[in-house]
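Good morning, colleagues. Please look at the structure as I speak.

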Amino acid sequence: ALFSSLRLALPCFACPASHTHTVLLTTSLTTPSHLSIAASSSLFRIMARPLTALLLLALLPAALASVVDLTSSNFDQVVDGKRAAFVEFYAPWCGHCKHLAPVWEQLGETFASFKDSVVIAKVDADADGSLGGRFGISGFPTLKFFPKGSTTPEEYSGGRSIEDLVKYVNDKTGSTARVKTPPSDTVVLDEENFDRIVMDPKKDVFVEFYAPWCGH
């Protein structure tokens, strides 16, 4: 066979340079060939026949994606009950969906190390109306959780902050994922620190008052 299984040691850009993560790819092609992968920092040296190299490059995005794109053609293969699945049904033009999009990507990244127990996925239910109809989607975004061992979803109606979503998935699956929060220069204000920071006469302060559910 061209290769029955392929393990890639990929550098993780969220970890120290010496850390790698192993990705397993499989195929059923039957052309004899040989593939050798070497990684150094972000540079990969691929020594293979051209067909093998092209196939690998085509498979890499799907293998590394933190949020799986689902359609009618692959939904039942991914959401098959062997592991839990948390699925967002969205429409590209929806303002609330646009607001949730970066949070959903962060959720996928947070659970990237738990893919054996849960998959984070999304469905463009505007483009794939048959899937939207199958699950009774009438508004966007709609979030549905599929427990392990079942293909019948539970509708999620909780908060949509990354903390709320991570806690929900951890509670449902028993996983122990932690929110990966990037460094920020924005200070979160509350009753305890508002006067001390905002009323400081030595500096100007620009404050946004917002609501987490607001699509704008």
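Strands and helices here are DSSP runs, E of at least two residues for strands and H or I of at least four for helices, numbered from the N terminus. Residues are numbered from 1 along each chain as its sequence is written, and side-chain values use heavy atoms, with hydrogens and water left out. As the model is predicted, local features need pLDDT of at least 70 and side-chain atom pairs count only at pLDDT 80 or more, while totals for chains, interfaces and linings use all residues.

Strand β6 covers residues 84-90, and seven of its seven residues are buried, meaning under 20% relative accessible area with a 1.4 Å probe, protein chains only. Ala-84, Phe-86, Glu-88 and Tyr-90 point one way, and Ala-85, Val-87 and Phe-89 point the other.

Which strands pair with β6? On one hand, β7 (residues 118-124) pairs with β6 in the parallel sense over seven bridges; on the other, β8 (residues 142-146) runs antiparallel to β6, joined by five bridges. Pairing requires that DSSP finds at least two bridges between two strands. Across to β8, Phe-86 stands opposite Phe-145, and Phe-89 has Thr-142 as its bridge partner.

Let me turn to the helices. Helix α5 (residues 162-173) has twelve residues, which at 1.5 Å a residue should span 16 Å, and its end C-alpha atoms are 16 Å apart, which agrees; the expected span is 1.5 Å times one less than the number of residues. The buried residues of α5 are Ile-162, Leu-165, Val-166, Tyr-168, Val-169 and Asn-170. After α5 comes Gly-174, with a positive phi near 80 degrees.

Finally, confidence. The protein chain averages a pLDDT of 78, and 68% of the residues score at least 70; pLDDT is the predictor's confidence in each residue, from 0 to 100. Over residues 9-49 the pLDDT is below 50, although this stretch has 82 contacts in the model beyond near neighbours in sequence, a contact being heavy atoms within 4.5 Å.

Note on methods. Buried means under 20% relative accessible area, exposed over 50%, partly exposed in between (1.4 Å probe, protein chains only).
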